[in-house]
Amino acid sequence: MQAKKRYLILFSAGACLILLLCFGGIQVPLSRRGPSRRDDRSLAGYHPGARWRRLQGYLQSFSTFEKDRSDDLSEHISPRQKRDTNSFLYTGKRCRMESCFDFSLCERNGFKVYVYPQQKGEKISESYQNILTSIEGSRFYTPDPAQACLFVLSLDTLDRDQLSPQYVHNLKAKIQSLPLWNEGKNHIIFNLYSGTWPDYTEDLGFDIGFAMLAKASISTENFRPQFDVSIPLFSKEHPRTGGERGYLRHNTIPPYRKYVLVFKGKRYLTGIGSDTRNALYHVHNSQDVVLLTTCKHGKDWQKHKDARCDKDNAEYDKYDYREMLYNSTFCLVPRGRRLGSFRFLEALQAACVPVMLSNGWELPFSEIIDWNTAAVIGDERLLLQIPSTVRSIHQDKILSLRQQTQLLWEAYFNSVEKIVLTTLEIIQDRVLEHNSRSSLMWNSLPGGLFTLPRYSTHLGDFPFFYAKLGIKPYPKFTAIIHVVTPLVSQSQPVMKLLVAVAKSQYCAQVIVLWNCDKPLPAKHRWPATSVPFIVIEGESKVISSRFLPYDTIPTDAVLSLDEDTVLSTTEVDFAFTVWQSFPDRIVGYPARSHFWDSSKERWGYTSKWTNDYSMVLTGAAIYHKYYHYLYTTYLPASLRTMVDQMSNCEDILMNFLVSSVTKLPPIKVTQKKQYKETMMGQSSRASRWADPDHFAQRQTCMNKFANWFGTMPLVHSQMRLDPVLFKDQVSILRKKYREIERL
């Protein structure tokens with residue numbers, strides 16, 4: 001009997017417990033862990049009933065009640081609390097390329113970018129105009145929205161600080177009225193500043209929908225991986241194109257400078273971003289660790305000044321910032337009001353290794369750049385450990401970090417154009433994922449902008465990675481002879497040149513590019529050769545066709561020749577041997593130079609025989625065939641059209657291109673003064689070299705090209721490579737290239 005009572009009591013207790021659970025009387029904790037940051041991301045946009053989608057009908061009244069309740073509460077919270085609550089909670093907060101990007105727009109015409117026409121009466125800041133101009137001048141630009149894969153607003157979205165004079169009002173309504181907006185799909189929005197005093201949130205003040213953000217000072221919390229692009233904060237003085245080179249002119253061993261660690265900047269007495277900078281004085285020692293701050297900024301700084309302000313301001317004025325920057329091994333980059341800082345780019349340019357103190361900052365172009373190879377990533381909470389940490393870094397690592405800062409600065413950051421192009425290239429790699437760059441391409445010389453994966457994704461197909469891969473270029477070359485005059489005699493220089501080149505032990509094939517107006521000669525009129533011989537008619541008979549990436553070029557090396565070039569087999573062999581040691585450069589015989597004409601304030605071109613040079617003409621030069629692809633694909637059609645219309649300057653343009661990529665001069669081999677003097681005097685081509693108009697055109701080309709590149713990429717050199725024992729008073733039998741001295 002007692003056993004039955006016990007069972008009855010247990011059954012009753014169990015039934016009561018079940019009823020309490022069903023009606024919410026008891027809450028059972030499922031985990032002792034609080035939600036992680038990843039959990040927060042995954043539950044973004046959570047609403048009651050989201051976990052119970054099959055039971056929406058039963059919870060409808062509950063959801064409505066919660067909505068009404070939240071509406072009632074919203075009436076009693078401050079505008080600041082509303083802004084903080086809604087900050088960055090856009091429609092597409094959880095967007096990724098697969099969910100918020102329409103890949104079908106890119107299938108027909110490839111990766112093309114359309115810029116909206118500027119609306120009448122809308123003001124645009126200089127920085128945003130530089131961004132739009134860079135896009136419109138790139139190979140990605142299309143004026144036809146029907147061909148576009150990506151869209152860029154003409155409305156200035158760079159500065160979304162409501163206190164800024166550059167702030168554009170009513171941006172939400174203006175964007176929503178755009179016929180192509182489509183909730184932001186396939187759009188990218190550029191932004192440098194978001195939020196305003198005192199909180200500086202990342203809210204842009206309008207719903208970006210499904211658009212991508214190219215944003216400075218973006219936090220890892222709000223950054224959408226593989227969708228947004230983190231860009232650097234740059235000033236309005238940042239050059240649109242060209243940009244200065246880094247300041248590391250030569251490597252110093254050991255790589256130490258006067259200061260170990262420096263910083264000079266504002267100190268915020270109150271508000272966001274003040275904690276780290278207010279604590280810098282604890283580390284400052286006035287010797288090799290110089291961290292200077294000033295309170296003297298803003299209109300009412302004296303109202304808020306503290307006991308340290310006067311001393312800090314006096315110490316601040318003792319040091320010159322540029323002198324500190326260029327004479328320090330490490331540069332501190334603490335957060336300011338926002339996560340990013342101008343100090344970041346300044347440190348990169350000065351080859352001062354950045355020490356990042358900005359917790360939660362998604363570093364610029366983090367998707368492609370390995371910042372551990374160029375910066376020290378610190379923690380704001382461990383400020384006092386920073387000096388000992390940087391002192392413990394080995395000198396070999398310091399040298400490596402410093403060199404990498406220069407690579408990244410010159411490849412991606414030294415102009416607005418490069419920042420914009422890098423952003424577009426990152427997005428293109430996502431769209432054309434099967435033809436995307438590897439990490440090594442992005443983080444090695446010459447950088448991702450000059451390593452185009454549409455050419456190849458195999459590193460060995462480029463002239464830049466042979467040493468890293470431990471391989472050598474293919475040990476043969478293809479000769480391309482550019483012919484513009486009719487074939488009238490077997491004694492013409494082109495016939496002798498063809499025979500001499502074909503006899504080279506390194507020649508794999510000879511291609512004659514027929515750019516003459518006359519019909520092709522019969523096959524029997526060409527001399528017999530021991531290597532394959534092909535005649536190709538030039539596309540549209542324009543001079544740039546000599547640099548087309550022909551599929552018939554089987555080798556890495558191209559020997560480019562004018563029809564009137566006079567070269568022996570020995571000279572060809574020696575030049576190719578030299579090129580094998582410098583596969584990323586132009587190697588050849590005829591050299592020219594550039595100079596700055598201060599009286600006319602323009603660049604000049606000279607063919608005088610001097611001790612230095614900056615160009616090797618492609619009338620007798622060897623280079624990698626990849627430069628054919630770059631010439632055709634990377635350079636704008638406007639430059640190639642100008643060259644074709646003048647039928648001149650294609651060799652200068654190729655030198656500009658290669659020097660822009662390598663940042664190095666070409667290589668001149670053994671002096672040969674009779675290169676142009678021995679050309680056939682009867683041809684129309686030969687007479688052009690004595691034509692003053694021809695020379696004047698080349699002067700014009702120099703300045704047109706420098707204007708497009710934004711700088712003068714040509715580099716002077718005084719190096720000339722000769723064969724061993726060249727001109728030495730020893731037996732000719734001891735010399736490998738004996739014939740060169742007799743020419």
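These legends walk you through several close-up views of a predicted model. In this predicted model, local features need pLDDT of at least 70 and side-chain atom pairs count only at pLDDT 80 or more, while totals for chains, interfaces and linings use all residues. Residues are numbered from 1 along each chain as its sequence is written, and side-chain values use heavy atoms, leaving out hydrogens and water.

**View 1. The largest nonpolar core has 77 residues.** A nonpolar core is a set of buried Ala, Val, Leu, Ile, Met, Phe, Trp, Tyr and Cys residues joined through side-chain atoms within 4.5 Å; buried means under 20% relative accessible area, exposed over 50%, and partly exposed in between (1.4 Å probe, protein chains only). F190, F365, W371 and F413 touch the most other members.

**View 2. Here are the neighbours of F365.** Leaving aside residues up to four places away in sequence, F365 touches V229, S230, I231, P232, Y412, F413, I419, T422, T423 and I426. A contact here means heavy atoms within 4.5 Å.

**View 3. C106 and C149 form a disulfide.** A disulfide is a pair of cysteine sulfur atoms within 2.5 Å, and here S to S is 1.8 Å. The torsion about the S-S bond of C106 and C149 is about 55°, so this disulfide is right-handed. C106 counts as buried at 5% relative accessibility, and C149 does at 0%.

**View 4. C295 is joined to C309.** Their S to S distance is 2.2 Å. With a torsion of about -100°, the disulfide of C295 and C309 is left-handed. C295 is buried, with a relative accessible area of 1%.
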